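Hi,

Here is the structure I promised to pass on. Have a look at it first, and my notes are below.

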Amino acid sequence: MRTLLLELMEEYVHSKNPKLMLRRSETVVERMLCNWMSICLYQFLKDSAGEPLYKLFRAIKHQIEKGPVDARVKKAKYTLNDTGLLGDDVEYSVLTLQVLVHGEGPDVTPVKVLNCDTISQVKEKIIEQVYRNLPYSLRPKVRQCHWRPGSTGQILSDLDLTSQKEGRWRRINTLAHYNVRDNATLVLSRVLHPQQNYDQNQENHEERNALLEDDKVFHLVRPADELDEIKSKRGSIKDKSMTKAITEIYLTRLLSVKGTLQQFVDDFFRSVLCSGAVVPPAVKYFFDFLDEQALKHNNVDEETIHIWKTNSLPLRFWVNILKNPHFIFDVHVSEVVDASLSVIAQTFMDACTKSEHKLSRDSPSNKLLYAKEISTYKKMVDDYYKGIRQMVSVSDQDMNTHLAEVSRSHTDKLNTQVALHQLYQYASKYYDGIIASLDEDPAAQSKQLTLRLQQIAAALENKVTDL
């Protein structure tokens, strides 16, 4: 991989824009680098950065679920993302339900919900609390459970014959619709038999089809009809200015949520951008490699080196993990949580750039949201790179020893046979070209890589070789 990287860097350095180096996954070697870095950073993620990332995820989820979330349009009252902001005022109250799981003992679990939650949203919160000690993949799913008030036999559902209608619109049922009171006892039943599950789903499906045949469905906010949209377009300038003022008032919620989450965001950034003894050897080794290549090519400035390092680690690895915590944790990331994570990820990306963004009232809200902190985050990134540069170098021998330890620690976790098979599937598509390239490469010649690939091809597919 080192040889391929050197060739790639030569190509970019001698191009008109060397800053493009490692910006996009356009080559095999760049994909290899990304996977190599991911494997090498696994232990660091497990020991250091994983906990603050998980706490940040849980804090966002908790903050969002404190207020109404529209199940249809996927917008929330409490969010960091202005496009995911539930602008309409929704009246709601907090309820505590006493949940008894049928067939799992007499223990009652208190669960906090909102009276404006849909039945499915309440199920999710109940499952989250009752099975909180189980990873998400092992918990029962919403479709596998049904529940009812303890004093009645009525099964509650999102849509049924009691659902309220507003013209052609039908509102999804909530706890308020069923008049569920605070401290009510609810019985959660799991569907244990596949046939029972199928029959129930079939009944629900047929019932919903009948309900939805002529109706449109909404939860908290009914979308404007065509007639309403025409009226709004004809609205006066005064009405439009009032709407803008109301929107700006709602945007203060973004600042409120941001303030609540600030410590969790800072903790995660610090865990990732902390130089010193906790820096994984692979990061030091690779950053030194980039510095060496920059010295070798006189036309590479400090900004370009900064971009190389940023695109090879923070943007390729940390932003990907930050936007997709389910890649490393057994959790479910809802659309509303994802919207807030994307704002934090964008802030992290902005912190890694050298360019300064001039902000105005027309700038995107996520830029304005972290305008005060961005200079601090940028300094953290600069100090991180400087700190790594000042660390004691990692020799080739030490790096090989470290990689051997990493390999041993993952021996039982990775299916090497599957990985090799996938690699060969790729190689077989470009077999002739790879053979030709290996024949021309001195390093490949010294290791007889052409012969080895031909032997593999002969064994697997009876390809014609020079043997």
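What follows is a short tour of a sheet, a helix pair and the cysteines.

This is a predicted model, where local features need pLDDT of at least 70, side-chain atom pairs count only at pLDDT 80 or more, and totals for chains, interfaces and linings use all residues. Residues are numbered from 1 along each chain as its sequence is written, and side-chain values use heavy atoms, with hydrogens and water left out.

Let's start with the sheet. Four strands form an open sheet in the order S4-S3-S8-S5, with mixed pairing. (Strands are DSSP runs of E, at least two residues, and helices are runs of H or I, at least four, numbered from the N terminus; two strands pair if DSSP finds at least two bridges between them.) At the edges sit S4 (108-114) and S5 (145-149), each pairing on one side only. S5 pairs with S8 (residues 185-190) in the antiparallel sense over five bridges, and Trp147 stands opposite Leu188 in S8.

Now the helix pair. The axes of H10 (residues 314-323) and H11 (residues 335-351) come within 9 Å and cross at roughly 160° (axes are lines fitted to C-alpha atoms, for helices over the stretch in contact, with angles from 0 to 180 degrees between N-to-C directions; contact means heavy atoms within 4.5 Å). H10 and H11 are therefore roughly antiparallel, a label for angles over 145 degrees. Among the residues that meet are Trp318 in H10 and Phe348 in H11.

Finally, the cysteines. The whole structure has zero disulfides (pairs of cysteine sulfur atoms within 2.5 Å). Cys145 is buried, at 1% relative accessible area, and Cys352 is buried too, at 2%; buried means under 20%, with a 1.4 Å probe and protein chains only.

Cheers

Technical notes: Buried < 20%, exposed > 50% of the residue type's maximum accessible area, 1.4 Å probe, protein only. Parallel < 35°, antiparallel > 145°, perpendicular 65-115°, else oblique.
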